[in-house]
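Please open the model in a viewer and keep the selection panel at hand.

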Amino acid sequence: MKSKITAICLGLLLMTACSKNNQDEDILWYTQAAEVWNDALPLGNGRIGVMVFGDPQNEHIQLNDDSMWPGDKGWGNPEGNKDDLDHFRQLLIEGKNKEADQVFVDKFSRKRVVRSHQTLGDLFLDFNHQNITDYRRELNISNATASVSYKTDGKLVTEKIFVSYPHQAIVIHLSSEAEKGLNGKVRLSRPDDNGHPTVNVYSNEENLLIMEGEVTQRSAIFNSLPDPILEGVKFATWVKIENMDGEIIRGEDFLELKGVKEATLYIVSNSSYYFDDYSQQNRANLEIVERLNYNELQKAHTEDYSQLYSRVKLKLPNREFDTIPINIRLDQIKKGAIDPGLEALLFQYGRYLLISSSRQGSNPANLQGLWNNHISAPWNADYHLNINLQMNYWLADVTGIGELNEPLFDYLDRLVESGKETASEVYGCRGSFMPHATDLWVPTWQRAATAFWGCSFGAGGWIIQHYWQHYTFTLDTTFLKNRAFPAIQEVAQFYSDWLIEDPRDGFLVAAPSSSPENRFINYAGDAVATCMGSAMDQQIIDEVFGNYIEACKILNVESELLETIRLQKEKLRQGFVIGSDGRLLEWDREYTETEPGHRHMSHLYGFHPGVSVSPDKDPEIFEAVRLTLDYRLEHGGAGTGWSRAWLINLSARLLDGEMAHEHIQLLLQKSIGLNLFDYHPPFQIDGNFGYTAGVAEMLLQSHEENMIRILPALPDVWETGSVTGLKARGGYEVDIYWEEGKLTKVIIKPAHSGEVNLVYEDLTVPVRLTKGEEFTYQML
């Protein structure tokens with residue numbers, strides 16, 4: 001395989017297309033402009049971002065803002081109530097699942113909903129350059145800067161772009177060696193909403209190009225009926241050009257460069273979601289930016305970004321392939337080549353994307369992170385809580401960027417509050433309920449026109465896991481007390497009230513219950529979704545109760561709820577039940593699946609991302625997980641990018657490096673675009689984040705009690721390498737080195753003292769760690 005790729009690189013060298021990349025930097029690079037949005041390169045500072053096309057004729061920079069949402073019209077809870085819920089449950093008890101599914105749709109769902117996150121707009125640079133040679137477009141994820149360079153009529157033109165978090169601005173530096181410099185219009189625009197203009201673009205006497213607008217959704221749908229939204233978040237985007245020479249001509253709705261050899265564009269953009277006077281905030285941002293020159297802005301941006309990105313380094317074999325453009329490397333992988341260097345780059349790309357779409361003060365990363373060119377995006381580019389939002393943040397703690405959880409926790413705090421009303425009004429329960437899909441305005445009613453798409457009661461428990469896992473990585477008791485515990489308690493209270501006794505066996509079960517987006521054939525022969533205690537819901541509730549009990553112990557809390565939950569946990573029906581063929585049951589009984597190769601593997605929740613299964617303590621369940629995955633895959637499972645990413649994580653938990661790498665290869669072959677975005681299809685960012693988490697899981701695992709597994713799922717093709725800066729639960733930073741497929745050295749930097757067993761293959765080493773004292777274990 002290596003000879004194939006090397007031969008291609010040699011061919012490119014003859015055409016002067018190969019590049020000598022800095023081996024210490026992580027770079028995506030190409031020899032052509034992006035033809036479509038999905039080929040463009042993303043930049044962001046959490047709140048605002050861009051997609052860079054790099055077109056010499058008509059440069060297109062698509063603009064993004066995480067608050068671009070149509071307004072909250074006050075869409076309220078469905079008509080269902082406690083009496084309807086009792087009827088729902090009685091139907092399930094009587095085995096009338098089909099009728100029960102319909103009760104969900106009629107009484108508890110807002111059916112189809114269209115209210116979407118939207119694009120901020122587009123910036124165009126109309127240079128119309130011709131006779132292009134020596135073209136290169138790149139994204140340097142080591143410093144979060146994109147650049148485009150080429151020669152037009154033999155004269156060099158360069159474009160460098162970054163999105164600054166410290167200065168909340170998009171900065172574009174342009175230069176030309178041509179005698180006539182750069183000449184062309186700078187324009188702003190935004191797509192219409194069903195034929196209606198959405199912005200007003202004009203220039204003013206200060207030579208600012210201004211775009212003002214309000215987010216609407218004329219095609220909005222609520223309860224499967226048209227319900228246009230004509231008001232929403234208001235915004236203003238300003239462009240200021242600082243030219244070193246030449247002149248800037250002001251047009252009615254554009255600015256024009258004339259004979260400019262060097263210029264910097266400053267773009268500031270704010271919205272009414274964040275600021276009452278968002279235009280004044282633009283002025284404040286712009287005034288700060290104008291006090292600094294380009295180099296000073298770039299230095300502050302790089303320092304801010306690097307203090308997050310540089311914490312983790314992964315070295316795998318074959319970095320020499322970095323001299324080949326990404327698109328050619330992907331083509332070779334599709335033909336069967338193995339490219340560990342690209343696998344390492346994709347790992348870091350996931351970290352880059354989270355840093356770029358989730359920073360302090362921003363909204364959490366949505367289904368597309370931050371980047372969206374639509375007025376009505378696929379799946380609304382919203383927040384899906386039946387794996388997608390969770391997967392977005394799997395990587396945060398383990399890859400050393402745990403503070404990027406903060407936007408998620410900020411959002412979940414709001415969601416918990418909203419969910420109290422739904423829990424009480426609709427379900428007659430205390431605590432808080434969270435649905436499988438929601439958006440910026442934190443509605444907690446369920447949606448979908450069918451039960452198997454929308455009937456989901458495990459979402460709250462799943463997403464609340466992130467508070468607890470962040471605590472286990474940091475051991476921050478202040479965070480646990482003030483942030484995590486209140487949220488966990490509300491969800492635990494809901495599930496405590498939600499459980500009922502199953503008359504068939506006397507166990508406590510979640511009812512109604514489902515396995516996300518999947519169905520089974522019940523005993524009446526109907527394809528149905530709802531049941532009495534699906535595997536996933538039972539596993540989630542057991543976990544929530546366990547975490548709540550442990551949190552109470554740590555915080556010295558005693559309460560009536562705690563006593564109730566202790567008793568209920570003992571009476572819960574097991575979430576892991578092994579069927580007659582050795583596989584794990586997905587529902588409450590051994591039914592036939594309608595889709596044996598379904599993309600969701602929700603009945604494995606407790607195995608991953610849950611932490612309740614150990615190969616040493618639960619060997620039967622461990623083996624049943626493997627059989628379950630084998631069966632799914634034999635029937636065409638893991639068809640989507642995020643599903644494949646989950647399989648990488650599951651394979652790693654099975655301690656099977658070859659299986660994990662097989663799915664890495666399949667992800668690269670089937671679900672990764674030219675700009676390394678993950679495709680569902682279409683683009684959905686969770687697969688990028690899930691992949692990064694999966695690679696970390698292959699190298700380090702710390703979910704078992706007092707245990708850190710080193711290189712638990714190392715594939716043969718990663719023969720020699722190292723990873724530094726990964727985090728293990730308990731407050732430990734871990735560096736790992738290996739050669740010829742064997743561990744050579746482990747370094748642990750503890751932020752807390754503790755005792756742990758280091759496990760590598762069949763070797764177990766008990767270690768006592770002292771806060772602040774580095775520990776090194778060298779293999780002989």
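Begin with the largest cavity, which holds about 290 Å³ of space. A cavity here is a set of points on a 1 Å grid over the protein atoms alone where a 1.4 Å probe fits but cannot get out, whereas a pocket is an open set with protein on both sides within 12 Å along at least five of seven lines; lining residues have an atom within 4 Å of a point. Grid points are joined across faces, edges and corners, and a volume is the space filled by probe spheres set on the points. The model is predicted: local features need pLDDT of at least 70, side-chain atom pairs count only at pLDDT 80 or more, and totals for chains, interfaces and linings use all residues. Residues are numbered from 1 along each chain as its sequence is written, and side-chain values use heavy atoms, with hydrogens and water left out.

Select W394, Q469, F473, E697 and R729, which are the closest to the centre of the largest cavity among its 21 lining residues. Helix α12 supplies the largest share of this lining, four residues; helices (H or I, at least four residues) and strands (E, at least two) are DSSP runs, numbered from the N terminus. The lining comprises seven nonpolar, nine polar and five charged residues. In this count, Ala, Val, Leu, Ile, Met, Phe, Trp, Tyr, Cys and Pro are nonpolar, Asp, Glu, Lys and Arg are charged, and the others, Gly among them, are polar.

Next, select D26, R319, D322, G341 and L345, which lie nearest the centre of the second largest cavity, lined by 11 residues. About 80 Å³ of space lies there. Helix α7 contributes the most to this lining, with four residues.

Turn to the largest pocket, with a volume of about 1400 Å³. Of the 44 residues that line this pocket, W468, V611, H703, E704 and E705 lie nearest its centre. Helix α14 provides the largest share of the lining, eight residues. The second largest pocket has a volume of about 550 Å³; select W379, N380, H384, H436 and W453, the closest to its centre of 26 lining residues.

Then show the open sheet of nine strands, in the order β1-β6-β7-β8-β9-β18-β15-β12-β11, with antiparallel pairing. Strands β1 (27–30) and β11 (199–203) stand at the edges with a single partner strand each, so one side of each is left without a neighbour in the sheet. Within the sheet, β9 (169–176) and β18 (262–271) pair over six bridges; two strands pair if DSSP finds at least two bridges between them. I172 stands opposite L265 in β18.

Finish at F433, in the loop between α10 (406–427) and β21 (437–438). F433 is buried, with a relative accessible area of 1%.

Key: Buried means under 20% relative accessible area, exposed over 50%, partly exposed in between (1.4 Å probe, protein chains only).
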